[in-house]
Amino acid sequence: MIQPAKPADLVTVNIDGKDIAVPKGTNVIEAARLINVDIPHYCYHPKLTIVGNCRMCLIEMGMPAVDPATKAPIMDPATGKQKINWIPRPQIGCGTNVSSGLHIRTQSPMVKDCREGVMEFLLINHPLDCPICDQAGECKLQEQSTGYGRGYSRFVEQKNVKPKRTQLGPRVTLDDERCILCSRCIRFSKEIAKDDVLGFIDRGSYSTLTCYPGKTLANNYSLNTVDICPVGALTSTDFRFKMRVWFLKQTNSIDTESSVGANTVVWSREGAIYRITPRRNDDVNDTWMADSGRELFKSVKSADRLTAVKVNSADSALDIAINAATQLFKEGGAAVVGSGRSSVEEQFLTKKLADALKASVSLVSRVGEGDKLLVSADRNPNVRGALVTGLIKSLPSQKLTDLAAAIDAGKIKAVVSVGEDLAAAGLSAAQLAKISIVYLGTHANATSVAAKVVIPTQSVFEKNGTLVNQQFRIQKFARAVPAPAGATDDTVVLAKLAGVAATDIASVWKLIAAEVPALTTMSYANIPETGLLLDATPFAALPFVEGETLHYKPTAPVAATA
Amino acid sequence: MAVIPLERKPLSFAERTYLPAIASGLKTTLKHLFAPNITMEYPEQRPAIPPGYRGVPTLVKDPHGREKCVSCQLCEFVCPPKAIRITPGEIPADAPERAHVEKGPQAFDIDMLRCIYCGLCQEVCPEEAIFLQNQYSMTGYTREEMVNHKDRLYELGGTLPDEHFKWDKKLDAEKHGNAH
Ligand code: SF4
Ligand code: SF4
Ligand code: SF4
Ligand code: FES
């Protein structure tokens, strides 16, 4: 990883005759990447320790010559410059961090020979599986044999046979013939997932990746090994043979399973999502994400998805439903149940709605166990957003006890729920029957059944928006697939209910910038893909439920988890 | 645009009688009256198809009657008018003789209303499973009828000789190969 460096920490290195200044200690592969020189590699991964076992990154290295006795530079009379002492043998790039004056050559004949040789050895026992291999299209072995390989095979002997279609765990399938023994997966399991179950057995060309006997690769981070495997040895059992990757459209999104807000890429084709993978963000999730977050897209096409606007259980239209809801609110005694799963834009409009109705606002908190890595204790992705937009002033509780009491006292007659199941949040069936419910949500539940007005809305994969994660980093997600017919964007519905003239995300952001002090300079378009850190100091005293996770340390004392 | 007036050439006397033109027309008619037929009683008679002809794309089986396509979807990718649609599937691990191939098409559709008979699918196929063969006439009353599904594609394709038997070699290696 490249840390932003003070100018004093910069050293000058020479890559293929070009001088560049890079932070001291930068890995040679990363230094070359800065000037768009590709040093092919397999085992090197920026977030894992370096083992140097694939030998693909061989390059030539040298240092400026100095006289051993006087330390005076030795000049080369031919060029008039300081002579370079090239190391006579090739060196691995990944195993070297730059130091001042380092010279490297990545295009010399020796380097070319090395790469061809390494590629040839890697391909000796490699099966001709590309047509049935899920990695094809994003395979480093394919790319680098095209880019740096010899182009033909001299191997006439029989190839080694190794186990295929091995289930390493509930989500990962292993094809040992395709493994190039880079050990990335082993290092990931040991260093990041802290579940050291993988290893090599046997020697030489019989080396085989396997699970420790009696164990499985079952931890909640197992699919990251599939992401980092440079070849098609480790494949996702769920995505296996579903679609070739070159057909898939990539959309940047955010993992909504907890307040970590891991950056993700949603891969879809023609309105169907096929997989979710992590997107690198060195301040949030590095290059990882939890397996549980990769399954969230399954609910998009589930059978209990709401697709019809209902008023008093009869099919209706959006505008009629909005009018019906407005009629319900006219009777007074309205309350709003917002959501920590809504985007910042939706929470802002929920607040506008609550202000217009002079209604109280409650949120439902979801707390689970944090895994100290990329799933935090707060399972709402955007409680911080509700604080920033002023929707709530204090942290939500898990049950709506105040609202229940107000309903029992007969003070509340109508409740708007933005995707929250009121029954799950502690309201009894009798309490639900006493009030008129306006339900905005994606899936059917007890609340949508009890509701007078049901307006189907869109999932996080079908709309644009932003979320504020536990670090108070505002991050945006984009629409990956079109919503099913009948589901309307939450912001449109909320804007209509609140009587706000905002039709798209840009116009909502104009209002947000005008009204929310913390977000004055922002618009949806100018939030960078890696997010923007907001000022957390106004909320420093709140007892947030999260414990420590990757790139996050709680500042306030951690509240006892309920 | 400039207008260029052209002078019309006056007809000669012989031309004005139309007799030479009539005579030459009759000569052509007479010649064909006695020449051998070049038209054909289609569809009872069918033309001989020259080698290399690009007819309807079809899926073929190997000489042992086994499916060759592994649903790599390269033809779907290369097809310029996007006529091909494949749903890949997994060959179950207990399938006899076929388990080692692992992957095969669940569904394979070629929309012949889209196909332009370019032959790129045949060219790109790494398994030599799709061929444009002699079939040239496709008819149907509905759009749906003009989509060839997997079973129809195999029916049209039949069997072609195979010199490689790649997957047999693979199975062979698995049985007797360099297993440790
Ligand atoms: S790992 Fe790469 S090179 Fe090997 S079969 Fe799969 S796609 Fe082909
Ligand atoms: S399975 Fe993949 S990541 Fe693991 S050692 Fe083999 S090639 Fe490397
Ligand atoms: S012949 Fe050309 S147009 Fe027709 S299916 Fe093949 S690739 Fe597509
Ligand atoms: S990347 Fe350097 S040896 Fe593998």
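User: Is Pro213(A) buried or exposed?
Analyst: Pro213(A) is exposed, with a relative accessible area of 67%. Here buried means under 20% relative accessible area, exposed over 50%, and partly exposed in between, computed with a 1.4 Å probe on protein chains only. The model is predicted, so local features need pLDDT of at least 70 and side-chain atom pairs count only at pLDDT 80 or more, while totals for chains, interfaces and linings use all residues. Side-chain values use heavy atoms, with hydrogens and water left out; residues are numbered from 1 along each chain as its sequence is written, and chains are lettered from A and ligands numbered from 1 in the order in which they are written.

User: Where is Pro213(A) in the chain?
Analyst: Pro213(A) sits in the loop between β12 (208–211) and α5 (223–228) of chain A. Helices (H or I, at least four residues) and strands (E, at least two) are DSSP runs, numbered from the N terminus.

User: How many helices and strands does chain A have?
Analyst: Chain A has 13 helices and 26 strands. Its C-alpha atoms fill a box of roughly 95 × 55 × 40 Å along the principal axes. Of the 562 residues in chain A, 55% are buried.

User: What share of its contacts join residues at least 24 apart?
Analyst: The share is 66%, taken among contacts in chain A between residues at least 6 apart in sequence. Contact means heavy atoms within 4.5 Å.

User: Which residues have the most contacts inside the largest nonpolar core?
Analyst: They are Phe329(A), Val438(A), Ile474(A), Leu497(A), Trp509(A), Leu519(A) and Leu534(A), in a core of 53 residues. Helix α6 (residues 318–330) of chain A gives the most to this core, with six residues. A nonpolar core is a set of buried Ala, Val, Leu, Ile, Met, Phe, Trp, Tyr and Cys residues joined through side-chain atoms within 4.5 Å.

User: And what does Leu519(A) touch?
Analyst: Leaving out residues up to four places away in sequence, Leu519(A) touches Val344(A), Val388(A), Ile474(A), Trp509(A), Ile512(A), Ala513(A) and Leu534(A). Apart from this core lies another, of 51 residues, which includes Met56(A), Leu141(A), Cys185(A) and Leu223(A).

User: On to the ligands. Which residues come nearest to ligand 2?
Analyst: Cys179(A), Cys182(A), Ser183(A), Cys185(A) and Cys229(A) come nearest, out of 13 residues around ligand 2. A residue is near a molecule or strand if one of its heavy atoms lies within 4 Å of it. The shell around ligand 2 has 11 nonpolar, one polar and one charged residues. In this classification Ala, Val, Leu, Ile, Met, Phe, Trp, Tyr, Cys and Pro count as nonpolar, Asp, Glu, Lys and Arg as charged, and the others, Gly among them, as polar.

User: How does the shell around ligand 1 divide?
Analyst: It divides into six nonpolar, three polar and one charged residues. Among the residues around ligand 1 are His126(A), Asp129(A), Cys130(A), Cys133(A) and Cys139(A).

User: How many aromatic pairs are there over all chains?
Analyst: A search of the whole structure finds six. Rings of Phe, Tyr and Trp (its six-membered ring) pair if their centres lie within 6.5 Å; planes under 30 degrees apart count as stacked, over 60 as edge-to-face and the rest as tilted. The rings of Trp246(A) and Phe77(B) have centres 5.9 Å apart and planes at 55°, so this pair is tilted. The pair crosses between chains, from a loop of chain A to helix α3 of chain B. Trp246(A), Phe247(A) and Phe77(B) form one aromatic cluster.

User: Why is the pair of Phe472(A) and Phe539(A) counted as it is?
Analyst: The pair is stacked because the ring centres of Phe472(A) and Phe539(A) are 5.2 Å apart and their planes are at 5°. Phe472(A) and Phe539(A) are both buried.

User: Back to the backbone. Which peptide bond is cis?
Analyst: The bond from Tyr42(B) to Pro43(B) is cis, with omega near 10°. Most peptide bonds are trans, and most residues other than glycine have a negative phi. Ser71(B), which is not a glycine, has a positive phi of about 50°. Ser71(B) is buried, with a relative accessible area of 0%.
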